[in-house]
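Student: I would like to learn how to read the strands, helices and surface of a model. Please give the general idea of each feature and then the case at hand.

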Amino acid sequence: MKHTKVKDLLNSTKTLHEVNAKGWVRTFRNNQFIALNDGSTIHNIQCVVDFENTPEETLKRITTGAAVSVTGDLVESKGAGQKFEIQVKKLEILGDSDAEKFPMQPKKHSLEFLRENAHLRVRTNAFGAIMRVRSVLSFAVHQYFQERGFVYVNTPVITGADAEGAGEMFQVTSLPLDNLPKTEEGNIDYKKDFFGKHTNLTVSGQLEAETFAMALGQVYTFGPTFRAENSNTSRHLAEFWMIEPEVAFNDLDDNMDLAEDFIQYVIKYTMEKCADDLKFLEGRLLEEEKSKPQADRSEMPLLEKLNFVLENNFKRVSYTEAIDILRNSTPNKKKKFQYIIEEWGADLQSEHERFLVEKHFKCPVILYDYPANIKAFYMRLNDNTEPGKETVRAMDILFPGIGEIVGGSQREERLDVLMEKMKTIGIDEEELWWYLDTRRFGSAVHSGFGLGFERLVLFVTGMTNIRDVIPFPRTPGSAEF
Ligand code: 4AD
Ligand code: MG
């Protein structure tokens, strides 16, 4: 007999004769009521066991975590909280779970403890919900771009280009680390390495995506990226997923429009498809925040916050305006910021970004036109900027509770300006010969951005640590599983 998903049983419009469900026991009460979950929904189905006619031996094996198969009738439930339940006629234990040893007890566990058990935490309500939301969000990403004719491009994970400068890189090598081949000058001889050159894990697929945009028009990547930054924060992972659209003939305003529309679309899509999970996560957040001081709590419940993002335009503010706001802000004057903003040109720290979003504008903010020397080499130099105050057509999107969620720009399409910039900051043009070819042959205005997928999942689920929205987090000192 084929089993039916718990979700479909709970959504049934009528009682059913003889159904089969398979899943894992969440709890077993009064020797009679199994709360069964199979991962198809946040909700458990209640299975009522006929304990008088079930051997004591079997009853003892119905423990939290055990895999079971139940067969019986789907009947209207007498108990509160559910419409249907299964009146069990036949119960089979598929896999035992030692109640003494199973780490996911039916009680509240700390997020730290759950992280150490990332292979089992997905059996909890919260992590089941987060991972379903994550899955739906990634589908929404593809749907958004595919519906609009973007081509999905898989950029390399192993790259020979390390010029992007987006972050510290992880080296990839097949050389024996305890016996490295050396050149005559005594340097490591990468000609002997697997690829005949020095290679790394990619920090971004942007440069390769640009070459595709200059042929296919509108493209996007969605893949893993790696950064060896030693930033042990709640916003950074060493391995994270990034979405990078790149569009020919788009300028910075088009780029901002695309980013805003895209983010609103995927959030809306997920709110429609994951209503139950998000409702659960909203409750979880409220519960968690009870123990926090008022000032640290979210201003809005989760769903209201998500709706707020859908209903309000992102505030577009130039870097120069932002610096004025920050310079005159109370925390700057009272020296409450760790980094005091003294003058134009300062790099913005996350404390500044969060002040702008959470305290000043109280909505998502797009900051644009940053000083050229705090941004990447490929960003389009603004025309008519004062010498010494050059700005580039960069944009960062800042979200409440998260800080930077998107980084992007219009790209420098002029070969001479781009080469001059690379020379100034010491990037070898030989190394990026293929990238420069996009500017040599049929160059055109184009723009793109990168969205950190886990930061988006953080925002949508209301979680606060990025380690809790990726199945198996990789962070400094931690690569278990
Ligand atoms: O701002 P970033 O470094 O931009 C780029 O990599 C560009 N090449 C993107 C482009 O224009 N195509 O990174 C983009 C986004 C950030 O805004 C952030 O959301 C996320 O990637 N991000 C991280 N997420 C998790 N862990 C990390 N260590 C991250 N570093 C960046
Ligand atoms: Mg950035």
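Tutor: Let us begin with a helix: in H15, the buried residues are Phe453, Glu454, Arg455, Leu456, Val457, Leu458, Phe459, Val460 and Thr461. Buried means under 20% relative accessible area, exposed over 50%, and partly exposed in between (1.4 Å probe, protein chains only). Helices (H or I, at least four residues) and strands (E, at least two) are DSSP runs, numbered from the N terminus. This is a predicted model, in which local features need pLDDT of at least 70 and side-chain atom pairs count only at pLDDT 80 or more, while totals for chains, interfaces and linings use all residues. Residues are numbered from 1 along each chain as its sequence is written, chains are lettered from A and ligands numbered from 1 in the order in which they are written, and side-chain values use heavy atoms, with hydrogens and water left out.

Student: How many residues of helix H15 are buried, and which residue follows H15?

Tutor: An α-helix has 3.6 residues a turn, so residues three or four places apart point the same way. Helix H15 (residues 453-461) is mostly covered, with nine of its nine residues buried. Glycine 462 comes after H15 and has a positive phi, near 75°.

Student: Why is strand S16 described as largely enclosed?

Tutor: In a regular strand the side chains alternate between the two faces of the sheet. Strand S16 (residues 446-452) is largely enclosed by the rest of the structure because seven of its seven residues are buried. His446, Gly448, Gly450 and Gly452 point one way from S16, while Ser447, Phe449 and Leu451 point the other way.

Student: Which strands pair with S16?

Tutor: Two strands pair if DSSP finds at least two bridges between them. Strand S11 (residues 239-248) pairs with S16 in the antiparallel sense over five bridges, and methionine 242 has glycine 452 in S16 as its bridge partner. Strand S15 (residues 403-410) is also antiparallel to S16, over five bridges, with glutamine 410 opposite serine 447.

Student: In what order do the strands of the barrel close?

Tutor: Five strands close into a barrel in the order S1-S2-S3-S5-S4, with mixed pairing. Within it, strand S3 (residues 45-48) and strand S5 (residues 84-95) pair in the parallel sense over three bridges; valine 48 has glutamine 87 in S5 as its bridge partner.
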